[in-house]
Amino acid sequence: MMHRIFLLGPQGCGKGTQAVILSERLGIPQFSMGGLLREAAAGTDELAGRIRAIQESGELVPGTVVAEVLRARLDKPDCADGYILDGFPRNQDQYDSYAKHDRPTAVIVIEVPRDVSIERIAQRSRIEHRTDDTPDAIRRRLEIYDQDTEPMINNYRAQGLVREVDGVGTVEEVSDRILGMCTIQGGC
Ligand code: AMP
């Protein structure tokens, strides 16, 4: 079976960590949209500079740039047997642009209360020093999740693709829940 698994949830829900575990278990690559864009932002050209500035503000990078960066990654040969993508789509436009080509096989939504989300981001920024983990950018990212991402997820819910997971607990507890769901409940 070809997996095209999307991992969504508010910042700090543990998507990135869980994507790595799921990738090892299923033997398919994983990548995050934020990470792909950070790679694109590492260059010295004008576009790289623009992406970097947008990421630091917490706003979404323009859909045309996102679509191009994502398509380039999905066209790589290692995606031929499936992939796990974290942090895409984040709004209706991105949903529509992906829907023109394909459909995910499962959309895993990791749910955590807002205070847990904020505490985990604070911890992460102490360890990783992400330049976009400033209070203003964090607030903006969470706002975009509530306003744009949450409503967009309803499209997938209506298609029966959404698997909600409680993201509170240890890494192992959450990964057990995800792996359990991927093998029961119609798989991923
Ligand atoms: P993340 O690593 O998921 O926290 O994303 C970091 C930043 O990358 C976001 O605040 C956005 O600026 C950008 N980004 C990540 N995913 C997307 C996306 N699907 N669409 C637009 N911008 C994105």
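**View 1. The ligand in the largest pocket of the predicted model.** The ligand sits in the largest pocket. A pocket is an open set of points, on a 1 Å grid over the protein atoms alone, with protein on both sides within 12 Å along at least five of seven lines; a molecule sits in a pocket if more than half of its atoms lie within 2 Å of its grid points. The model is predicted: local features need pLDDT of at least 70, side-chain atom pairs count only at pLDDT 80 or more, and totals for chains, interfaces and linings use all residues. Residues are numbered from 1 along each chain as its sequence is written, and side-chain values use heavy atoms, with hydrogens and water left out.

**View 2. The shell around the ligand.** The ligand is surrounded by 17 residues, each with a heavy atom within 4 Å of the ligand. The closest are Q55, E59, R90, Q94 and R141. Helix α2 (residues 33-40) provides the largest share of this shell, 4 residues; helices are DSSP runs (H or I) of at least four residues, strands (E) of at least two, numbered from the N terminus. By class, the shell holds 6 nonpolar, 5 polar and 6 charged residues, where Ala, Val, Leu, Ile, Met, Phe, Trp, Tyr, Cys and Pro count as nonpolar, Asp, Glu, Lys and Arg as charged, and the others, Gly among them, as polar.

View 3. A polar side-chain atom of Q55 is 2.8 Å from an oxygen atom of the ligand. A polar backbone atom of E59 lies 2.6 Å from an oxygen atom of the ligand, and a backbone N or O atom of G87 is 3.0 Å from a ligand nitrogen atom.

View 4. Most residues other than glycine have a negative phi, and most peptide bonds are trans. F88 and P89 are joined by a cis peptide bond, with omega about -5 degrees; P89 belongs to the loop between β3 (82-86) and α5 (92-99). H129, not a glycine, has a positive phi of about 50 degrees and lies in the loop between α6 (114-128) and α7.

Key
Polar contact = N/O pair within 3.5 Å; in protein donor to acceptor, adjacent residues only side chain to side chain. 1 Å grid on protein atoms, 1.4 Å probe; cavity = no way out; pocket = protein on both sides within 12 Å on 5 of 7 lines; lining within 4 Å.
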